[in-house]
Amino acid sequence: MHSNHLLLEEPIRMASILEPSKATFFPAMTKIVGTLGPRSRSVEIISGCLKAGMSVARFDFSWGDAEYHQETLENLKKAVKSTKKLCAVMLDTVGPELQVINKSEKSISLQADATVVLTPDQGQESSSELLPINFDGLSKAVKPGDTIFVGQYLFTGSETTSVWLEVSELKGNDVVCVIKNTATLAGSLFTLHASQIRIELPTLSDKDKETISSWGVQNKIDFLSLSYTRHAEDVREARDFLSKMGDLYQTQIFAKIENVEGLTHFDEILQEADGIILSRGNLGIDLPPEKVFLFQKAALYKCNMAGKPAVCTRVVDSMTDNLRPTRAEATDVANAVLDGSDAILLGAETLRGLYPVETISTVGKICAEAEKVFNQDLYFKKTVKYVGEPMTHLESIASSAVRAAIKVKASVIICFTSSGRAARLIAKYRPTMPVLSVVIPRLKTNQLKWSFSGAFEARQSLIVRGLFPMLADPRHPAESTNATNESVLKVALDHGKASGVVKPHDRVVICQKVGDASVVKIIELED
Ligand SMILES: Nc1ncnc2c1ncn2[C@@H]1O[C@H](COP(=O)(O)OP(=O)(O)O)[C@@H](O)[C@H]1O
Ligand SMILES: C=C(OP(=O)(O)O)C(=O)O
Ligand SMILES: [K+]
Ligand SMILES: [Mg+2]
């Protein structure tokens with residue numbers, strides 16, 4: 001893919017745009033997170049999703065109970081086994097999300113200029129005049145004139161089943177609203193979003209804590225997607241909670257930025273979190289439309305410079321019901337890659353969409369094309385400048401490995417790592433070739449039992465652009481002697497050959513420790 005590297009800044013022959021893309025062993029360097037649900041929970045469909053390039057499965061606890069999600073997860077495990085494709089697990093919290101529950105599931109028609117009351121009395125049925133919500137503090141949070149959005153859960157933005165309301169009057173705990181557009185609410189669950197309003201609910205709800213301590217612990221979740229992160233303190237509290245939950249001290253926290261409050265505290269949140277989800281669905285209704293792109297570019301730049309993975313959501317809404325994205329969506333996916341996104345998160349498209357597998361494969365193909373014209377050279381210089389001097393030894397080794405790999409046109413960078421730190425640092429410099437992260441397990445103890453580290457570290461690289469993990473056999477001792485280095489390298493190269501990423505006579509850049517010294521070496525393969 002890097003041999004025909006084009007740059008957008010240079011004249012591109014129009015005919016070259018039509019040249020078919022070469023098939024590679026992985027669909028794209030950019031990763032795809034798929035939300036699993038009604039339309040994507042059979043072994044067969046999940047296998048299709050994995051083969052199409054999904055490498056992280058999101059379990060969204062805003063709906064569905066633990067048993068339902070467990071069934072889906074068991075199917076995911078079967079699919080992983082049969083396809084031999086790795087997949088990490090992400091638990092997405094409910095957080096302070098406001099919801100309208102429509103128990104009867106009958107559709108609710110709302111007429112422009114009529115009024116509707118939002119009430120915390122959840123015993124009531126939803127109707128055209130009354131919408132019961134899961135929060136009793138709304139009338140204290142909003143004031144007349146404020147706007148409120150109500151839409152189908154994981155509203156796509158392309159559907160006509162959502163409504164804008166304007167607060168007209170507060171009556172006790174009830175909020176009386178004027179309906180701004182005629183709409184029919186369809187589905188059993190609607191999200192309610194009060195524009196730029198502080199909702200006094202904890203970021204990690206009691207229900208979330210319960211889910212994490214049972215479902216999360218049982219399934220050793222790789223990622224916690226922390227919905228509605230608004231402050232760095234939210235991340236610290238979640239981290240503190242996870243640290244007391246068995247193996248989950250190793251779980252990475254992805255802060256979801258979904259409102260202006262989170263946006264305002266972005267820098268502090270980024271410092272605390274392991275990664276960021278740009279929740280464009282909700283943020284897109286909190287922000288004026290003309291500002292969304294600016295947040296995306298600024299946030300991705302900050303994540304890239306911090307070397308922390310960034311995930312963009314809501315890219316191909318219209319594929320929920322259609323086999324092809326709109327032109328605007330297709331272009332938007334490519335721009336997310338050019339802006340520096342590590343991964344794309346699919347919500348409604350895979351959860352309740354008609355074409356989960358096709359959506360993943362379409363998004364993957366667009367990402368792969370965008371990666372080809374990503375200006376690595378410019379990005380590399382920007383990153384080096386940002387880091388400044390003196391660099392840490394490891395940072396200097398990582399950037400040198402990327403530099404060397406590009407200069408010698410290596411087909412892959414192989415990085416030995418235990419904590420995953422070295423591999424992540426290499427990925428930070430966005431090499432044009434894949435990085436095979438060979439995770440060497442370390443024997444560890446918690447005073448009760450001995451176990452090997454490595455599984456979390458390997459799976460957590462499945463969300464980082466360009467990183468492809470391989471967990472080495474724990475029988476290889478973690479001490480980096482020449483003999484063990486050689487034998488692990490052989491396994492890694494065999495793995496690379498089997499998957500088609502390395503071929504005879506290719507050059508390969510290797511990053512490893514020899515004794516105490518970190519080294520970058522270039523080898524040329526024989527046949
Ligand atoms: N088990 C290993 N064998 C050989 N080299 C290793 C091993 N683990 C890490 N390295 C190398 O050591 C350096 C430090 O990497 P890092 O990922 O920070 O190590 P660790 O995970 O052990 O903290 C890098 O050059 C990396 O490639
Ligand atoms: C992914 C998003 O959030 P949710 O958890 O509501 O799907 C979003 O708002 O873009
Ligand atoms: K959620
Ligand atoms: Mg959201």
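Donors here are N, O and S atoms within 2.8 Å of the metal (3.2 Å for Na, K and Ca), and sites may look incomplete since water is not among the atoms. This is a predicted model, where local features need pLDDT of at least 70 and side-chain atom pairs count only at pLDDT 80 or more, while totals for chains, interfaces and linings use all residues. Residues are numbered from 1 along each chain as its sequence is written, chains are lettered from A and ligands numbered from 1 in the order in which they are written, and side-chain values use heavy atoms, with hydrogens and water left out.

**View 1. Here we zoom in on the potassium ion (ligand 3).** Its protein donors are Asp60 (OD), Ser62 (OG), Asp92 (OD) and Thr93 (O), at 2.6 to 2.8 Å from the ion. Along the sequence, those donor residues follow the spacing D-x1-S-x29-D-T. The magnesium ion (ligand 4) sits 5.9 Å from the potassium ion (ligand 3). Buried means under 20% relative accessible area, exposed over 50%, and partly exposed in between (1.4 Å probe, protein chains only). Asp60 counts as buried because its relative accessibility is 0%, and Ser62 counts as buried because its value is 8%.

**View 2. Next up is the largest nonpolar core.** A nonpolar core is a set of buried Ala, Val, Leu, Ile, Met, Phe, Trp, Tyr and Cys residues joined through side-chain atoms within 4.5 Å. This one has 63 residues, and Met54, Phe59, Leu76 and Ile276 touch the most other members. Helices (H or I, at least four residues) and strands (E, at least two) are DSSP runs, numbered from the N terminus. There's also a second, separate core of 34 residues, including Phe223, Ala398, Ile413 and Val509.

**View 3. Now look at an open sheet of seven strands.** The strand order is S4-S12-S8-S9-S10-S6-S7, with mixed pairing. Two strands pair if DSSP finds at least two bridges between them. Strand S4 (98-101) and strand S7 (130-132) are at the edges with a single partner strand each, so one side of each has no neighbour in the sheet. Strand S6 (residues 115-119) pairs with S7 in the parallel sense over three bridges, and Leu118 stands opposite Leu131 in S7.

**View 4. Last, here are strands S19 and S22.** Strand S19 (residues 435-439) pairs with S22 in the parallel sense over five bridges. Val438 has Met470 in S22 as its bridge partner. Strand S22 (residues 467-471) is mostly covered, with four of its five residues buried.
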